[in-house]
Each structure stands twice: as structure tokens, then as C-alpha cells.
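Please consult the sequence and the model shown here while reading.

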Amino acid sequence: MNFSYNWLQDHFDTTLPTPNELGVSVGLHSFELEGTEEAPHGDTLIDWDVLPNRSSDALCYQGVAREIGAVLDIPYKQWSFAGVADATFDDSFKTSDFITLSVDDLGLVKRATKRLALDVQVGPSPTWLVERLEAIGQKSINNVVDITNYVMWETGQPVHAFDFDKLAGEQNTKQVDIRLATSDELVTDLTGAEHVLTSDMLVIADSEKALDIAGVKGGLGSGVDENTTRVMLSACSFDFQNIRNTARRLKLHTDASKRFENEVPLNKIDHAMQQFAYLMQELAGARVSSEIVDTNPGLPEQKPINVSVSTTNRILGLELARDEIVNKLERIGCIVSEGEEEFTVTPPFERLDMTFAGDAIEEIGRLYGYENLDAVLPSEGFVLPQISLLQKGMRAASDRLVALGFYEAKTRTLGASGTVELLNPLTKKAGLLRDHLVGDLLAKADKNLMHSDEPRLFEIGKIFTGITDGVIDEQWNFAGVIGKRKIKEKNKQDHFLQTKGVVESVCEAMGIIDLVFRADTTHDSVAKVMLGEVEIGCIGVNWWELNFSNMIKSVNHTVSYNKPSRFPKIDRDVAVFVPVEKTVKEVHNLISNLLPDETQSCELFDVFEKEDKKSFAFRMVFQSDTETLSDEWANNVMNPIYKALEKEGYEIR
Amino acid sequence: MTFIDVTRPGTKQKSGNLHIISKTIREIEDIFMRLGFEVAEGPEVEDEWHNFDALNVPKNHPARDMQDTFWIKGVDKTVLRTHTSGVQNRAMMAKKNPPIRVIAPGRVFRNENTDATHEAQFHQCEGLMVGESISMANLKGILLEFLKNFFDNDEVNLRLRPGYFPFVEPGMEVDVTCTTCGGNDAVCNVCKGSGWIEVLGAGMVHPHVLASAGIDSKKYQGFAFGMGIERLIMLRYGVDDIRDFYDGDIPFIKQF
């Protein structure tokens, strides 16, 4: 909220520090300083961000003046000018002779007060009042309206002035009800806008109709104008949740509703009525009744908080003496009981945020100055942090991909496709939670073709696949893309092998061993990817998308060590022509079954197609731990293999 | 002898890069792990209880408006998490008893219109430390170690100011010495001449938050803090548009 420096100065006899210095001091001890700016009439605005915990007491000049007094440790004055506190009012007529006030629901209307002013002279406001209001960007209307405005900024309690003669009823007796609106009841606010109310919204009404939307905005028909002579002063307090709901549903956020929805302390009505009535006498020549019609006079008792010296020091990490603690609490207006180690603290009425010891300790700490705290490393027990499987897996997978030339992208969770939907999306294009990653990655890869011939992208992120028994199915997924300008039919096999090689390499880096690819051409993919018998996703010609949460579960870091052999290796190749529909796996299995224990590897190293057949070439490497293997030994291994291949009808090249 | 021209550029080797958000999270994880913190994670779709109630954010209160929330359709009381603080409760429940030292990095969501400094999604890292005597002075100690390490500068200092987050009391904002001008430039466009930049929110864990995780708040106390990852990166490298993080543009990813 923007505060006028000159207005704040009205609350102090001593000269305040410069606006910038004041802004910083309060910023360090109370409210964040958002900035300062020049204002009309030689004033300066200081913008402090008053957060919800302090909105009850500090969205007003009286509250912030008290705060400044506490921070700078200087005396402050509750009233911005003399004479308010001991003002006297008119005993010659009684408000209650003119106004009957009734309230439907004491739970929703915490307190309502009315007071009558006669002989009101509506006219321009004095210069000082115009200057104060204009400095904070408010327009001066007339003295009565300006007074209501001033009183709200001053005390934090919204007040309203009704033209008594515009209320329905007898000339000198009016009935005022604060009640729930009837369904679809209409209220025209003072700007002329019409609002349709629902039956849970509060209105202030005369005997015929709703006059205004209680706590939110005044009505058009009952406002003060140049002909007004009798004014009903009004100050009420409402249930904060009710006003919050009304303001939200009507999309009508006003200075009054902002204060009410943060809960206005009930005693502010007393402050506001006093100042309101005083200013009506001083600035509008009115006679104001000394009698206030009040539905709930007297204030609830303030609950004291138990505070101890040791707890305070234990939380703050300090060694403050009792006197230092008490001094700070008294500066903000608390009453502190006797007691050396333990005592009770009764906060000022306005401080609705202070309810338990932690709140009091915060006050002590911030007035002591957080900047004066030492930085101390904890001396308590240290436990070796565990590294989670997810953290390990993510690091292993992404490090390998980076080494393979992949860039990590982060795409948006919210988009136009998915199965889980938002109730309140920002836009239609961002109304669904993604249920896969690769779609976005393919699009991003296409965009990157202007920077790179073969952009490689990957992402590990959360996806949301549906709702089961009222719970969202959420999992980590892992997708990657090798961007291509164009995929020619004849190159698909090669592209696929490139992609598959990347997935295999990542799994190897993560410690996943039982990876299986099973042909599957549904969903534009080429193969299902399995871990043993569990399907974890699919792979296309130039992309993959896998369930990372499941991958993590299969990580196996067990290493079985084999002492390297001191004897030389010997290798043999075999190449066969097989029918085109045969897979590498079938032929490989046939050979593998016949290999001895000395086999180090048996790998495919060449494939080509010729007319109606294709050729597979395998290389076998043998090595023994105990002897040098001879050519004869190798021939004895190979002969049964050649025979078995021929028996299948394959032609050995 | 063959003439070898050593001035010719070396053969380009293929290599990619991690996203700067991942790199930064790793860096933060590594520093905190050296300080004894574990890394925890939690769901991005949270129930209202974990996101708000367990964190002492009152129902129907303006404190809930501080974070504009996305709600899930068709499931009751379910939100896209507005902070990773929900992990606090889960971590405390999992540990059962202090000492607890945990950080939770992750993606969070706010229902806010997008512009150069606002995204509907961004990343946060929260931290939590609970024990028998973990004080605000300790909070300052841990954060100072972190910031010195993170900015790789022993001269870095921090400043705590009062702030408000319902899950801590006292609550505070944490400023760090301006890394651009070191507080020596009255017209610095990063710190606007103040010498300080706001980088974290923090505070002493509210007893209600401890109690919601079944921890005896008379015996144990501690602190929590949170920081915006993108914001740290933007400050560190001068990235001026948060939307760039999610464009998947290789020239962006490559640089860091």
C-alpha cells in the first residue's frame, strides 16, 4: 500500500527520517519496501507491501504509525490531529429516536453502529484534507464523502455516510436492517453499476429495499449530495469470509472489501466513529448525537500469550535478557505480566495475527533486527544423506545422453492434449496436463532444424495418464528425439538402429540389463520396449518414450567381476544367406545354443539384402582362462554350427 | 617428416548439454548434500491438504490468494502444487523423527498470466531442517554457506527481513548481496541501487506444520526455506525472459 509521507508525519511530533530512510528502516523490520515516488503537494509516497498477516492492523495510517514508532523507538500519536480523543458531542437528541437498527445474523454481522448528524453543511473540503487524499490518488468529492474516505485510510475501518432523508420510512423515524439479500435482489452501486445478489450476500437495507452491498460498496440511491442535511454515520464489521466470497463472486474488489476480507478488529469501529463524528462537527458544521446505536457494544476479551525467555532465545538463537524482550513487546503496545522466566503477553487489540508464542517471538526478533543475528552452523547430529534411486537414475541417464550429443529440453506440463483436465485453465490451449512428452519434443526438434542438421533432444519429466479412484496417475517419463529433415523409407532401419542404440546405451549407463525390444507397429511406433516381461514404453524410427519410474525400479548395480585372461583371443566369422523374413534373433539363437563356455562374444557385424534373400555375418570371439586356444579347437567349435545352419536350409557363404 | 599444422581446429566431437534448470538444481543438491541434506521429491498434482491445510494456510483466507492455484477437474480438492512445500509434510512423515534435513526441488504451478517474469510453471527448491535446537541463527548459518558456495564468492552476504508465509513463524525474506554490482553501483539495474537482491523466503517452521506431520512441537523446532530456480538463473546469467527456459531452443540450452 502507498503511504503519504506527510500524512504519516501528522502522527509524530518529532521529524521523521527522510522518506527513503524511513522506507528502508520499516522495510527491514516490518513491511517490504516496494519503492518510493513523488506525489502531488510536495508529498512522497512510500510503498510498503502489507501482507495478509498484518492486513488487520496495518492497512491504515494509525497502524503503520504505531509500527514506525516501535521500529524507530519514538513516541507516536494515535490521532493525526489534536482534539479527537476528548471531543464532545450533542446530547440534545438521541440517535435511537430516529433510527431503529436490526441485524439478522449476529454471526455474519459482528458489530453494527449508526449515529445521526443534523444540520450538515455539504461543501468543499479544507485544503489539508484535499492534499492528503490527492497525494494518495483519491479524488476530493465533498467534505462528507472525503471524511469517510479519510477515516478509512486513517483507521482501517471502512465507514459510510447515508443521506437520512433518502431512507424509506417516516420523516423522523427510519428502520435500518442488515440482512441477507433475497435471491436475485438488485443493488445499483454508487457508480451506477447494477449487481444481482445471491441469498448469502449481506445488504444494508431500509424498510423497502437494499441500499448497498454490505462491506463492499455503497449504493446510488442513499448517498450524500449537495442537498443533504441529515446524515446517518455508519460503521460495521462483518464476517471476513462472507465479504471475501461476495467480493470474489461479484468481481467487485474495493478498498472496503479488501479491509473487511482481512478481518477488521472490532475496536476499530470505536476509533472510526470517534474520528468520523469529530470531523463531521469540525468540517461540515454538523451536530452529531452523542448516542451511538450499537448492536454489540463492548469488546471480547484479549487472550494473553505465554512466552518464556528460554523459548525465545532457543528459537532465535540469541541470549536476550528479560528486559530486552519486554522492551520490544511493549514498543508494539503489548502488555507484559510479571515473571522472570515465564510471563504472559497481551497483544494490542488490533494485532489479530498474534495468537501464540511464535508470533510474539517474531516481534522480538524483528525489532532486535534480523540483521544483528549471527550466522551459526547447527551443532546437532549429522546423518549421512541418502541418494535416492531417482536422483541417481536421472543423473546417469542425462549424463550419458549429453555425452551422446543430446540437449535436455524442458517442455510445458500444460497444453492442448492429455486426459487430465484443469478446472480453471488460463487458456484453452493450456487446459490439459500432458500424458506424454515426445509430441512436444518432436515439435521442438523440428524448430531446431534451423540451427542443426540433426537436433537431438531429450526430457525426463512428469506425465499424468488418468484418474484412478479419485487419484491422479502421475509418473516420471523419459523421451528423446533425433530430429530429421525427412525420413526416407529406405533409411528407416538405419534410423531405428541409431535410436535403439541410444536407448541401449542409456540403460547400460543406468544399470538396466534386461532390455527387450518387441516388434509393434501400432501407435506409429516400431517396437515395444520391455524390461523382462514389463512393458515400459515404445520406440519409433527416431524417437522413444519410456516410463522412467519403472526403469528406476529395474536398476541393478551388482557387478560380477571376471579376472581378465592372460591367454590370447581367437576369432571366427560365419556368414549365411537366409530368407528375407528371418530375424537376426532367430539365427543368433541357433548359433548361441552351440557355443562353448570359452565364448567371449557373438555379434552381428554385417547385413545386406540380395534379391529374395539376405545375408547375416556374425563374429565369434573365444578365449580361455587356462590355455591358448588352437585353430583346431576353433574348427571343432565351428563345424557343428555350419551343420546346424545348413540343416535349417541356410546357405553358408 | 610430415608437416602437422597444430593451428587447425580440433575435430568437433558430438556433445550435448543439460538444461540450465537441471544443472542449477544439481548444483543446489550437491551443496546441500555436503551440508547433510537429503533430496526428496513429491507429486506435482497435490491434494489440497498437503498443499495448503498441512502448511497452515487457512481456508477461505487471503493467504490462499497469495498463490493463484490451478484446480483439477473431476477430482475433489486437488491442485497442481503451488510450491514444493507439500514435500515438507511427506518428508517429515517418512522420517518420523528428527533430525530431519531435506531439500525438495521440483516443478510448481501458478495460475498467472505469462510475461517475461511470470510463467504458469516454474521450479522451486524448498529446504527443511528440524531438530531439538535448530534456531534462526542456524538458518542464517546454513543459508550463508549455501549462498557463498552457489555464487562461488566468500564475500557474499545475506540479509533477513520480515516476511509472511503461513507455514513459518517468524517468516522472512532473504536478500543476497547484489552479484552484479556488489552494492557499489547506485544505478545498478539488477538491485536498483539497493545493493541487495531478494532470492529466498524462509522462516521457523510453524508448530501447526510440525504437528500435522506428527512431530512434537514442544520438543522439536526448525527452519524451512524456498527459492525460485529460474529467478536465481536469471539473476546469475542475465536471462531476461522466463519463457525462454521452455522453448527447447538448442542455441539457448547450449550456452550454459
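A:Cys60 counts as buried, at 1% relative accessibility; buried means under 20% relative accessible area, exposed over 50%, and partly exposed in between (1.4 Å probe, protein chains only). The model is a predicted one, in which local features need pLDDT of at least 70 and side-chain atom pairs count only at pLDDT 80 or more, while totals for chains, interfaces and linings use all residues. Residues are numbered from 1 along each chain as its sequence is written, chains are lettered from A and ligands numbered from 1 in the order in which they are written, and side-chain values use heavy atoms, with hydrogens and water left out.

## Cysteines

A disulfide is a covalent bond between the sulfur atoms of two cysteines. With the criterion of two cysteine sulfur atoms within 2.5 Å, the count over all chains is zero. For A:Cys60, the closest cysteine sulfur belongs to A:Cys334 and is 17 Å away, which is too far for a bond. B:Cys191 is likewise in no disulfide, and the nearest cysteine sulfur, that of B:Cys181, is 3.6 Å away. B:Cys191 is buried, with a relative accessible area of 5%.

## Salt bridges

Side chains of opposite charge can pair when their charged atoms come close. A salt bridge here is a side-chain nitrogen of Lys or Arg within 4 Å of a carboxyl oxygen of Asp or Glu. Over all chains, the search finds 51 salt bridges.

| Pair | Closest N to O distance |
|---|---|
| A:Arg111 and A:Asp270 | 2.8 Å |
| A:Asp206 and A:Lys209 | 3.1 Å |
| A:Lys613 and A:Glu651 | 3.4 Å |

Helices (H or I, at least four residues) and strands (E, at least two) are DSSP runs numbered from the N terminus. A:Arg111 and A:Asp270 form a salt bridge. A:Arg111 lies in strand S5 (residues 109-118) of chain A and A:Asp270 in helix H10 (residues 268-284) of chain A, so this pair ties together parts that are 159 residues apart in sequence. A:Arg111 is buried at 3% relative accessibility, whereas A:Asp270 is partly exposed at 35%.

In the pair of A:Asp206 and A:Lys209, A:Asp206 is buried at 2% relative accessibility and A:Lys209 is partly exposed, with a relative accessible area of 39%.

The salt bridge of A:Lys613 with A:Glu651 links strand S30 (residues 613-622) of chain A to strand S31 (residues 651-652) of chain A, so parts that are 38 residues apart in sequence are tied together. A:Lys613 is partly exposed at 25% relative accessibility, and A:Glu651 is partly exposed at 42%. Shared partners also join A:Arg54, A:Asp57, A:Glu67, A:Arg351, A:Asp353, A:Glu363 and A:Arg366 into one network of salt bridges.

## The interface of chain A and chain B

Contact (heavy atoms within 4.5 Å) involves 87 residues from chain A and 91 residues from chain B. Buried area is the accessible area (1.4 Å probe) that two parts lose on being put together, summed over both. Chain A and chain B bury about 7500 Å² between them, 55% of it on carbon and sulfur atoms. In chain A, the residues that lose the most area to chain B are A:Glu380, A:Tyr407 and A:Lys410, together 10% of what that side buries.

Across the interface, 42 residue pairs are in polar contact (both at pLDDT 80 or more). Helix H14 (residues 389-403) of chain A gives the most to the side of chain A that touches chain B, with eight residues.

## Chain B and B:Thr177

Chain B has eight helices and nine strands. Of its 256 residues, 62% count as buried. B:Thr177 lies in strand S7 (residues 168-177) of chain B and is buried, with a relative accessible area of 17%. A polar atom of the side chain of B:Thr177 lies 2.7 Å from the backbone nitrogen of B:Asn157. Leaving aside neighbours within four places in sequence, the contacts of B:Thr177 include B:Glu155, B:Gly182 and B:Trp196.

Terms used. Polar contact = N/O pair within 3.5 Å; in protein donor to acceptor, adjacent residues only side chain to side chain.
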